[in-house]
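Student: I'd like to learn how to read helix packing and a few other features in a model like this one. Could you walk me through it?

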Amino acid sequence: MKKIFKTAVFAICAMSLGACADLDIQSDGRISYEDIFSHYGRTVNYFNKCIGSVPQVGFTYDNTPLASYCDEAQDAGDHADGNISRWYKGYTSTSYNPLASGWGGDPWTYYFQAIRNCNTFLQYINDPAYATYEFRDDEKSGWIAQVRVARAFYYLQLIKRYGGVPLVKGPYGTDYDYSIDERASFGKCADFIISECREALKTPEPDGNFGFRWNINDSERGKLTRAFAYAVMSQTALYAASPLWSDGSFTWEKATEITKEALDQCLTHRFRLYDIKPAATAAQNAYEYYFFTRSDPSRSWDKETIFESTSVRTNVWKFAGTPITPGMEKAGAGPTQELVDAYETIDGQPVLNLEQPYKDEDHLIPNYNTRNTLYNPDKPYENRDPRFYASIYYNGSRRYLDDRADRVETFVGGNCGISDNVTDTRFTRTGYYMRKFNNYRSGIEIDGDGFMRLFRLAELYLNFAEAAYQAKDPDITVASKVGGSALSARGAVNAVRLRAGMPELARGMSKEEFGRRYRNERRIELAFEEHRFFDVRRWKILSETDAVVTGMQITRNASGNGYTYKRIKMMQRNTNSDKYLMYPIVQSEVDKMEGFTGTDWQNPGW
């Protein structure tokens, strides 16, 4: 952010998205902003650059998902030298952050560069000295609205990682005085994000194929819609009211109003939870099928997806594959026993006592829910939530859904069993393999695994449910201001549960009991989708969740009938102290800003 760029020039190939041939390059290889904004094609390229920094989430952290960096998964590379093992060992510092190996590299640098591009576009697109081309009014206003929303989204990505950051609303000139910069509060940043989305949403929605719209077609994948703006507002308000970030500017009542508005607007504009039942040889249920099929921007059949990664497949088969999968390279992110324990039985009863799930610090002695009559510790994978079968390969699960009879054997000595050799990354550490996003047909010859969704309707239901139960009572309905239906926190959670094939939560729960059920529901529904990592931080429960994760070692009985199940502790993690609630800011940036402002910008503990 602090690098000074000459206003009049811009490196051409950094600006253009594969359209360098369209530009009349000067002899020194640079092009002025006047040359960009006086030309339709170059302006489009610059606009695409502005919105094109939306990250490609997936297995983008050294071929593993963000789930491996929280209590959802233990990566099989935990003992191999690399970012994963260094994270687990607590080697993160102000000069080295394993999470900077993700999409775009260091988030501080990546997102501030993206914000700089947006600021530049917004300044020059309306400057008659530069933007001399006669743009269509609806197209130009649509560009401006999308760039505003993109900038808001980039700020959201920064604050959920670092807390409050400087609010830079225009491009820096060569004479800019950096001594006046300061880190804004989280609440002030959240206000700016939401106000930018609202400003964009004031843009009239045109009838044609230009502008800032609700509806786009398949060829416009990657464009930002009005639903995207509401999703940014929803997540921002929820985070701003959460324990880690709450500074008084966002109450739960305010978050309820914003999250309800976002949900209602999407429902009013034909968004629906995906519930199309697949063929038995395609997927086990709608939830499973949804995550490995490509989204449908026109919403002719997929009405749930708000925004999906545009180019990065998860490649579960390859980077979190079972050893019996042709072409797999490593077992990767193995779901933890803690995540497996979170899936209820089909009657809607939690397996463990959610108030105190384990009787010991190492999570080896489960505290079972005495009201659950379906769970059998000797047959732990029977009668579970359908989302369990859609998300996790366990001992005895079908590897294929066609006429092939292969089963996943995670018992010791089985075809997918835990290996005693910690350097062999082809076998799970936890006794489980990831199934979510995986098309069982995928392999070295066919890559049919899914793309991660950045935003989908189920998250908006859950965001509203969290804000509403905190502000009111789980059963109190909140009216709609945009023509939607009144809805309670319990009703929102039940909408998600019913789609999954699970019973509704009952009326009359206390706020505390409902809160435990809600957090468990969010954990299950959004598993592996880059939510849990941030949820345990904003709830300030990182010290409870991330010190210890466990797996299941299964031994087949000598008779060949039945198995013995033993919970095992994974390597001790050193990433659960309070300093890990936020990312460290790169020390070189901190040093520069301390030199300019006299203030230490570093986050606590780093």
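Tutor: Let's start with a helix pair. Ala145, Arg148, Val149, Arg151, Ala152, Tyr155, Leu156, Ile159 and Lys160 in H6 meet Phe186, Cys189, Ala190, Phe192, Ile193, Glu196, Cys197, Glu199 and Ala200 in H7; contact means heavy atoms within 4.5 Å. By class, this H6 and H7 contact has 13 nonpolar, no polar and 5 charged residues. Here Ala, Val, Leu, Ile, Met, Phe, Trp, Tyr, Cys and Pro count as nonpolar, Asp, Glu, Lys and Arg as charged, and the others, Gly among them, as polar.

Student: Before we go on, where do the numbers come from?

Tutor: This is a predicted model, where local features need pLDDT of at least 70, side-chain atom pairs count only at pLDDT 80 or more, and totals for chains, interfaces and linings use all residues. Residues are numbered from 1 along each chain as its sequence is written, and side-chain values use heavy atoms, with hydrogens and water left out. Helices (H or I, at least four residues) and strands (E, at least two) are DSSP runs, numbered from the N terminus.

Student: At what angle do the axes of H6 and H7 cross?

Tutor: Two packed helices are described by the angle between their axes and the distance between the axes. The axes are lines fitted to C-alpha atoms, for helices over the stretch in contact, and angles run from 0 to 180 degrees between N-to-C directions. For H6 (residues 137-162) and H7, the axes come within 8 Å and cross at roughly 160°. H6 and H7 are therefore roughly antiparallel, a label for angles over 145 degrees.

Student: Is H15 mostly buried or exposed?

Tutor: Buried means under 20% relative accessible area, exposed over 50%, and partly exposed in between (1.4 Å probe, protein chains only). In H15, 9 of the 12 residues are buried, so this helix is largely enclosed by the rest of the structure. Among the buried ones are Ala489, Arg490, Val493 and Arg497. The buried residues pack against H10, H13 (386-391), strand E8 (451-456), H14 (457-471) and H16.

Student: How far does H15 reach from its first C-alpha to its last?

Tutor: The expected span of a helix is 1.5 Å times one less than its number of residues. H15 (residues 489-500) reaches 17 Å, close to the 16 Å expected. H16 (residues 511-525) reaches 20 Å, close to its expected 21 Å.

Student: Which way does phi point at Arg299, positive or negative?

Tutor: Most residues other than glycine have a negative phi. Arg299 has a positive phi of about 60° although it is not a glycine. Arg299 sits in the loop between H10 (286-292) and strand E4 (305-313) and, at 3% relative accessibility, counts as buried. Lys540 also has a positive phi of about 60°, but this lysine is partly exposed, with a relative accessible area of 48%. Its place is in the loop between H17 (532-538) and H18 (542-545).

Notes. Angles under 35 degrees count as roughly parallel, over 145 as roughly antiparallel, 65 to 115 as roughly perpendicular and the rest as oblique.
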